[in-house]
Amino acid sequence: MNWFEAVPYALVTVAWLLLPGAAISYLTGLRGIAAWAIAPVTSIALVGGTAILVEMIGVGWSPGIVLIVCAVAIAVVAAVAIPLRRRAIFAADADPRPVTIAGFAGLAPALALGAFTIVRSIPAPDALSQTYDALFHYNALAYILDSHQASSLTIATFGNPDVPSVFYPAAWHDLGSLLVMTTGAGVPVAANLVSVVAAIVLWPLSCLLLVRQLFGRNTAALAVTGVLSMGFAAFPWDLLGFGVLWPNLLGMAMAPAVLALVFTITGWTKDDAVGRGRAWLTLPVVLVATGLTHPNVLFSVGVLSLIPIAAAIGARGWRLHRDGRTWRGVAEFAAFVLVFAAGWYWAATTPAFADVRQTYWPPYETPANAVGDVALNATNQRDALWILSAVVIAGIVAARRYRVLWLVVAGHAATAFLYVLAASINRPDTRMFTGFWYNDSHRLAAMVPITAVPLAVGGILLLAARISESPTRLRRVPGTTVAVGLTVLLLVVTAGLYPGDRQKRVAAGYVVSDSSKLVTTDMARFYQRVAEEIPEDAVVAGNPFNGSAMLWALADREVLFPHFRTEHSREQRIIAAHLNEATTEPVVCEAVRHLGADYLLVGAAAFRKYDGYWRYYRGLADPGPAPGFELVDSDGANKLYRITACGERGTTG
């Protein structure tokens with residue numbers, strides 16, 4: 001498949017992301033930019049919530065059941081929302097058509113820039129991300145397709161009844177599985193397209209709502225937002241290559257729209273397009289959508305929301321002071337500080353997040369260099385985006401003209417602080433602040449563009465205003481035209497907003513040497529071939545580090561170890577360490593029969609050979625001519641064995 005052939009699949013992905021939520025947006029009275037930017041949040045909440053609901057009531061996961069639940073939700077919203085939406089609390093006038101057109105027109109070049117980056121950095125729609133986390137995501141999709149169970153409450157264990165269920169956000173996987181079930185796309189295609197659509201459709205659309213709420217019906221601001229949103233490599237591009245953090249990418253793509261709702265509730269918007277009432281009612285939907293996509297998003301938006309919330313409470317306190325009720329204002333602000341401090345302390349100490357907080361990434365630069373990384377948008381020691389960063393700095397200056405930008409500047413500084421802690425210090429005391437993001441500088445760097453985009457828009461507007469106010473012929477040119485012209489100039493001077501850096505960040509996960517791959521092309525062909533020699537209900541053992549675990553995602557044959565470090569049962573641990581002793585250790589055959597492990601697959605990869613966890617799977621090495629294993633097929637170092645030491649399935653051996 002080439003990228004042109006993938007367009008219909010991408011359109012189906014867009015439909016799943018936008019249409020259910022858009023119907024609800026319009027029923028609640030939203031229009032234009034606000035309706036379409038909030039739509040993905042609602043759609044993701046519906047999809048992820050449906051996955052949990054149907055599994056709890058014993059109904060299989062399918063596109064049909066999702067459509068039924070969406071239809072019911074739309075009917076309920078229609079019955080409740082239509083009579084209420086004319087009330088004053090929901091007041092928000094629809095934007096004039098030129099305002100909406102300016103915003104959506106600006107998304108067209110953004111889509112082109114994003115598509116160009118994708119085509120240049122990911123070889124094909126079915127290309128594999130050769131990264132550590134990708135294995136889990138691929139096999140989670142395969143598990144959903146086989147089991148028709150997609151709940152965030154059970155997906156982490158791949159349906160293993162011998163391991164306690166734990167929560168893992170599965171909204172990304174739910175959307176990917178719907179794409180496969182709807183179109184017949186393969187697992188790698190679905191994984192890539194859901195992530196690509198999040199990056200080049202959902203992200204700029206989400207940024208558009210944030211800018212709309214901050215700058216009001218400013219056609220110049222809306223016209224340039226889409227293009228500027230594509231320029232920052234730390235997001236979305238870095239998360240397409242690093243990790244790979246696909247669920248995090250989907251969630252963070254919603255973050256600007258969620259932040260826009262916070263600005264709406266706190267009253268810091270201009271020409272409000274949402275309405276406080278609608279924003280309040282949308283908050284539970286936001287919590288479901290972000291929680292089921294990735295909790296990192298909740299923490300990220302939470303940090304950036306503290307500033308407008310604190311400012312709103314402070315402004316209210318000042319009004320109370322002027323009305324002679326100073327102590328009430330003090331009490332309200334003190335209550336806010338106490339609630340925040342208590343919530344932060346709980347999150348920073350609760351055992352529920354202990355594993356996340358204790359994740360260690362070695363610091364790799366000095367604090368001064370980390371500050372420079374943020375200032376120059378060169379996070380994680382990448383190339384500096386000099387001219388784009390200068391525009392962001394101009395946006396900070398523009399806060400004198402657009403006062404609401406001071407709140408954005410404060411959020412930008414908060415993100416910079418967290419990034420500096422992770423990139424240059426990362427001690428036990430700093431993890432109380434950065435532990436919610438796994439102490440990972442890449443995840444924290446992804447927050448920077450959330451505030452950098454509106455600041456860059458402010459910078460363009462400031463420069464356009466200075467030009468328009470200058471004693472030149474340009475004074476007669478409309479401000480929108482000047483702003484668009486400056487953005488075009490920025491594109492020209494930077495050769496397309498530094499495409500090389502974007503491409504390098506994405507390609508880092510896809511374009512690697514064969515010696516570093518989890519699955520090579522030859523291995524993928526071998527897996528397709530041996531799938532015909534393995535019964536559909538068979539379970540295949542194998543060391544995931546040698547690439548054998550990708551059999552499930554690529555050839556639809558279940559594997560016993562679908563990821564490197566998931567929780568394992570006692571029987572799985574026995575097989576991992578001692579399968580090669582099956583002819584001499586009865587306990588091994590007991591485990592084999594209990595789990596129905598019929599085959600051993602040996603892959604030719606040597607993924608992360610330095611990882612000490614390789615030894616955990618020492619019993620799954622190539623047995624060669626040892627008794628108890630029958631060679632079924634081979635291609636060089638790739639080998640499929642039938643496990644004969646324990647007899648046929650269902651016998652005593």
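Author: Welcome! Let us begin with a definition: a helix axis is a line fitted to C-alpha atoms over the stretch in contact, and angles run from 0 to 180 degrees between N-to-C directions. The model here is predicted, so local features need pLDDT of at least 70 and side-chain atom pairs count only at pLDDT 80 or more, while totals for chains, interfaces and linings use all residues. Residues are numbered from 1 along each chain as its sequence is written, and side-chain values use heavy atoms, with hydrogens and water left out.

Reader: At what angle do helix 11 and helix 12 pack?

Author: Two packed helices are described by the angle between their axes and the distance between the axes. Helix 11 (residues 276-293) and helix 12 (residues 295-322) pack at about 125 degrees, and their axes are 5 Å apart. Helices are DSSP runs of H or I with at least four residues, and strands are runs of E with at least two, numbered from the N terminus. The two helices are therefore oblique to each other (under 35 degrees is roughly parallel, over 145 roughly antiparallel, 65 to 115 roughly perpendicular, and the rest oblique).

Reader: Which residues in helix 11 and helix 12 meet?

Author: Leu287, Thr290 and Gly291 in helix 11 meet Pro295, Val297 and Leu298 in helix 12; contact means heavy atoms within 4.5 Å. The residues of this contact divide into 4 nonpolar, 2 polar and no charged. Here Ala, Val, Leu, Ile, Met, Phe, Trp, Tyr, Cys and Pro count as nonpolar, Asp, Glu, Lys and Arg as charged, and the others, Gly among them, as polar.

Reader: Is His294 buried or exposed?

Author: Buried means under 20% relative accessible area, exposed over 50%, and partly exposed in between (1.4 Å probe, protein chains only). His294, in the loop between helix 11 and helix 12, has a relative accessible area of 8% and is buried. Leaving aside its neighbours within four places in sequence, His294 is in contact with Pro169, Pro247, Asn248, Tyr438 and Arg443.

Reader: How many disulfides does a search of the whole structure find?

Author: A disulfide is a covalent bond between the sulfur atoms of two cysteines. The search finds 1, taking a pair of cysteine sulfur atoms within 2.5 Å as a disulfide. Cys589 and Cys646 form this bond, with their sulfur atoms 2.1 Å apart. Cys589 lies in helix 26 (residues 586-595) and Cys646 in the segment after strand 4 (638-643), so the pair ties together parts 57 residues apart in sequence. Cys589 is buried at 7% relative accessibility, and Cys646 is buried at 2%.
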